[in-house]
Each structure stands twice: as structure tokens, then as C-alpha cells.
Amino acid sequence: MPDVIIIGAGFSGLAAAARLMEKGCDDFIVLEARDRVGGRTKHGKLAGLEIDLGGMWLGPTQARLAALAQQFQVETYPTHLDGKSIFRLHGREHHGERERMDGLLTWWDKLSYLTASRKLDRLVAAIDCEQPWSHEQAAVLDAQTVEQWVMDNVRSERVRQLYRLLCFSILCAEADQISLLFFVNYLKSAGGLEILMSAETGGAQNFLFHGGVHQIARRMGEAIGARLHLDEPVTAIDWKGACATVHSQRGTYQASRVIVAVPPTLVPRIGFCPPLPQPKASLHARVAMGSAIKYWVAYDRPFWRDLGFNGSIVRDDAPCSPCFDVSPTGQPLGVIAGFFDGDHALRHGDSSANHRRNAVLSMLADHFGPAAMTPVDYVEADWTAEVWSGGCYGAYFPPGMFARHGSWLRQAVGPIVWAGTETSRHWTGYIEGAIQSGECAAEEVLSALSQATDAARNDPGLKERHA
């Protein structure tokens with residue numbers, strides 16, 4: 001019987017396995033439902049380039065992911081920002097150097113944004129990411145949506161639209177769907193809204209990986225070796241005392257501890273005996289995943305740079321915005337990656353890939369001219385259709401649940417410990433958060449195993465009584 005079973009081989013499950021091995025615990029297995037590792041990161045190919053169809057960026061404060069890139073000698077390059085970004089918001093268009101949108105906003109818009117951002121910053125500063133539900137106004141904040149806060153605190157309609165756009169670009173859901181308490185905790189976990197919305201130095205979209213971040217996950221999986229079981233979905237977990245029995249579509253396993261490292265919306269697919277505590281079960285029944293379709297377009301060269309543009313487009317009137325120039329350095333192709341997010345992803349998800357391709361190319365041609373209509377390649381990934389993700393980039397809470405039951409996200413249930421980026425204190429929703437959550441879950445398991453060993457040493461009959 002292994003000491004530990006890890007369910008899920010995304011970055012959180014892989015990080016948990018790596019921490020166990022680092023601490024000398026080799027008696028574990030990893031069960032992964034997909035035919036690959038990486039979770040919400042995914043390998044793809046575009047015009048001969050190795051690309052990321054899922055998560056792909058690295059921010060300067062994401063130290064764990066940066067350390068893994070260094071360990072596996074995966075080099076990074078900056079998102080291209082030299083030139084003018086394109087902004088179109090509430091009927092007004094502006095071309096600003098790098099990510100500057102000052103010319104988009106009137107003096108009234110700027111005053112409105114400054115006033116609202118100060119209010120939001122105060123809310124964010126008061127949040128403790130260790131336990132955001134302990135905030136003295138947690139229930140009040142959780143009863144509101146982000147949209148309600150915007151309507152109450154933002155006086156300019158253009159700035160209201162900006163906040164809505166930022167909301168679905170960051171969380172892949174609409175402002176009227178998301179708990180305000182969850183939103184401000186999400187911002188705090190990454191260091192604030194300005195970091196999350198930026199590709200400049202210090203921003204969440206600052207760097208990309210040559211060859212893709214997915215190769216880091218692959219190499220972490222290779223280090224696990226035969227203990228990694230692919231194509232093995234878990235169907236049920238029976239638990240009692242200090243022992244759990246895990247049932248998969250291929251076999252049955254027993255372990256002292258189980259780390260569940262899957263998206264929170266997939267937890268209800270697993271049968272638990274005895275059932276999970278009702279607050280925990282209710283939380284997983286009501287949490288929702290964001291909706292995203294990611295696309296990549298390749299051209300024989302980045303011709304938009306000749307026109308003075310940097311390839312970044314942010315619009316509230318196009319379904320396939322935002323997009324960025326993500327052309328890898330050291331090769332000739334011009335590459336743009338972008339997203340159908342939130343309701344746009346849902347509305348266009350039933351359309352054909354060719355329909356979405358035409359929408360993307362038409363938007364690019366609006367700004368870069370007819371050359372944008374003839375790419376050398378186009379690929380996409382619809383994450384709402386991914387059976388073992390159910391959406392992207394991460395989960396979000398609707399009003400009324402985060403304050404009441406958010407603590408159950410990472411609270412152990414018997415021998416079962418929880419991981420996944422949504423459980424992380426920092427960079428929740430990002431690869432960095434996934435890595436941190438896996439490491440924390442592994443440490444929790446190692447501590448429990450150590451305590452059990454000490455107890456058994458002091459009471460030799462204890463192990464038999466728990467068996």
C-alpha cells in the first residue's frame with residue numbers, strides 16, 4: 001500500500017509529487033485522467049512552432065515557476081510591446097505606446113478611474129489571503145457582484161466598461177457573475193489589478209517560454225516515472241480513519257493519504273464514502289469555471305510592427321479580444337495569441353472553428369490591413385469543451401458562497417488533502433498558484449505521515465487498530 005495517492009497530474013499534482021520526492025517520500029502514485037500531464041497547460045503546434053494551447057505566461061514575482069524553468073533549462077522571452085497598442089472602448093479608439101491607454105480616457109474618465117481604483121485598492125489591502133472569509137465585511141462583500149460594485153462606485157460609463165472588460169479578460173466570466181469578495185481576494189493573491197492586467201515589466205503577462213511551459217510539466221512527469229498512471233480517471237474514494245481506498249477505471253488502490261489535485265468543479269464527479277461534509281459538497285456544487293477559447297495565428301513575418309503596432313488589441317466590441325504579439329525571438333514568424341473569453345466563448349463555442357477563425361482575422365484586418373487575412377496557420381483550443389477541465393483559466397465563486405464555505409477549499413477531510421491553483425494563497429488561478437498549492441498539500445501530508453509514524457512508534461498497537 002503506497003503512503004500517498006495523488007489524483008491529477010496538472011502542475012499542482014506534479015508539484016506535490018516533486019515535493020514528496022524531494023523530502024525522501026517515494027512511496028506514492030499519481031493517477032491522471034488525461035493521456036498527458038500538464039492539466040490546464042497543453043502542447044500545440046503552429047506553423048512548426050511548439051506552442052502553449054493553455055497557460056503560458058510568467059510574471060516576475062512567480063518564483064516557483066521561474067525556478068522550475070531554470071531547473072529544466074527552459075528559456076523565456078518577453079511579450080513584445082514595442083510600438084502602439086490598440087484600445088477600443090465604449091465607442092472610442094486610441095493607439096497608445098506600449099500599454100498606455102491615457103488617450104482613450106477623457107479627463108472625466110480619468111477622474112472616475114482614479115477614484116474607483118483607490119476604493120478598490122483599499123478593499124484589496126484589507127484582505128488576508130490566508131483566510132479572506134475572516135474579513136469583517138466578508139458577508140457584505142460576498143453578497144455583491146463585481147457589477148454591483150462597479151455600478152455603485154464608478155461614475156463614468158466608459159470606465160465601467162473597462163472594469164467589465166478587465167473582469168472577463170482576467171477571470172473568463174462576466175462581472176455580474178462573480179462575488180466581489182472572491183474578486184478582491186483574487187487581485188490580492190497576485191499583488192493587485194495593475195499587475196494582473198499588464199504585460200510590461202512586473203506584469204502577469206511579462207514573459208513567455210521558448211518551446212512552451214508545457215514542456216516543464218512533461219519533464220516533471222518524466223521524473224515521476226512508473227508511479228505516474230495516465231488515462232486513469234478516479235471514480236470513487238472510500239475513506240475511514242487514516243486509510244483511503246481509491247477506485248479508478250483501471251483498478252483499486254489503498255493509501256494512508258490522498259491528495260486531490262483536480263479543478264474544483266470536477267470534485268462532484270468523484271463518489272465519496274462517507275460523503276463529504278455538506279458545506280464542502282455544496283461549495284463544489286456551486287463553484288463555476290471560467291469560459292475561454294484560446295487561438296494562435298501565424299504569419300510569415302510580424303508585419304504589424306512595420307505599421308508601428310505591437311500586436312496588442314483590447315476591445316469591448318470584438319469577441320476575440322484581447323490578443324498579443326507572442327512571436328518567439330530568434331525566428332522569422334509573426335505570431336499572435338488571443339482569447340474568446342466569458343460569454344463570448346460560450347456564444348461562439350457552438351460555431352465552427354472556421355467561423356471563429358474568420359472573426360479573429362477580420363478583427364486583425366480592421367487594424368493591420370488585408371495582409372492579416374492570409375495567415376500561414378491558425379490553431380485554437382476550446383477549454384469549455386475539455387472534459388477534464390470544464391473551462392479555463394480557473395474557477396470563480398458566484399455571490400453567497402465564498403464567505404460561508406470558502407475555508408473548505410483547502411480544509412482536509414479525513415485522510416484527504418486538497419490541492420489545485422484555486423486553493424492557493426498566492427497567484428490563485430495561475431500556474432504559480434498551482435505549484436504552491438501542490439507543495440503545501442505535500443507538506444501537509446508529510447506532516448500527517450510523520451505524526452502517524454511517531455504515534456505508532458509510541459503505541460505499536462495503534463497501526464493495527466486503525467487498519
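1. Start with the core. In this predicted model, the largest nonpolar core holds 76 residues. Those with the most contacts inside it are Ile5, Ile7, Leu120, Tyr163, Ile178, Phe183 and Ile237. Helix 6 gives this core its largest share, nine residues. A second, separate core has 38 residues, among them Ile6, Ala9, Val30 and Leu58. As background, nonpolar side chains tend to be buried together in soluble globular proteins.

2. Tyr163 deserves a look. Setting aside neighbours within four places in sequence, Tyr163 is in contact with Tyr113, Ala116, Ser117, Leu120, Val150, Val154 and Leu193.

3. Next, the helix pair. Helix 3 (residues 107–125) and helix 6 (residues 157–171) have axes that come within 8 Å and cross at roughly 45°. The crossing of helix 3 past helix 6 is right-handed. Helix 3 makes the contact through Asp109, Ser112, Tyr113, Ala116, Ser117 and Leu120. Helix 6 brings Arg158, Val159, Leu162 and Tyr163. By class, this contact has six nonpolar, two polar and two charged residues.

4. Helix 9 spans residues 214–224. Its buried residues are His214, Gln215, Ile216, Ala217, Met220, Gly221 and Ile224. Gly225 follows helix 9, and the phi of Gly225 is positive, near 70°.

5. Is Leu333, a loop residue, buried or exposed? Leu333 sits in the loop between strand 18 (323–325) and strand 19 (334–341). Leu333 is buried, because its relative accessible area is 14%, and buried means under 20%. Not counting residues up to four places away in sequence, Leu333 touches Ala47, Leu49, Tyr299, Asp300, Arg301, Pro302, Ser327 and Val376.

6. Check the backbone. Most residues other than glycine have a negative phi, and most peptide bonds are trans. Here, the bond joining Cys273 and Pro274 is cis, with omega about 0°. Pro274 lies in the loop between strand 14 (271–273) and helix 10 (278–286). The peptide bond from Ser321 to Pro322 is also cis, with omega near 10°. Pro322 is in the loop between strand 17 (309–315) and strand 18.

7. Two non-glycine residues call for a phi check. Gln73 has a positive phi of about 55°. Gln73 lies between helix 2 (63–71) and strand 5 (76–78), in a loop, and is exposed at 72% relative accessible area. His90 has a positive phi of about 50°. The loop holding His90 runs between strand 6 (84–89) and strand 7 (92–97). His90 counts as partly exposed, at 39% relative accessibility.

Methods:
Residues are numbered from 1 along each chain as its sequence is written. This is a predicted model: local features need pLDDT of at least 70, side-chain atom pairs count only at pLDDT 80 or more; totals for chains, interfaces and linings use all residues. Side-chain values use heavy atoms; hydrogens and water are left out. Axes are lines fitted to C-alpha atoms, for helices over the stretch in contact, and angles run from 0 to 180 degrees between N-to-C directions. Helices (H or I, at least four residues) and strands (E, at least two) are DSSP runs, numbered from the N terminus. A crossing is left-handed if the near helix is turned anticlockwise from the far one by less than a right angle, and right-handed if clockwise. Contact means heavy atoms within 4.5 Å. Ala, Val, Leu, Ile, Met, Phe, Trp, Tyr, Cys and Pro count as nonpolar, Asp, Glu, Lys and Arg as charged, and the others, Gly among them, as polar. Buried means under 20% relative accessible area, exposed over 50%, partly exposed in between (1.4 Å probe, protein chains only). A nonpolar core is a set of buried Ala, Val, Leu, Ile, Met, Phe, Trp, Tyr and Cys residues joined through side-chain atoms within 4.5 Å.
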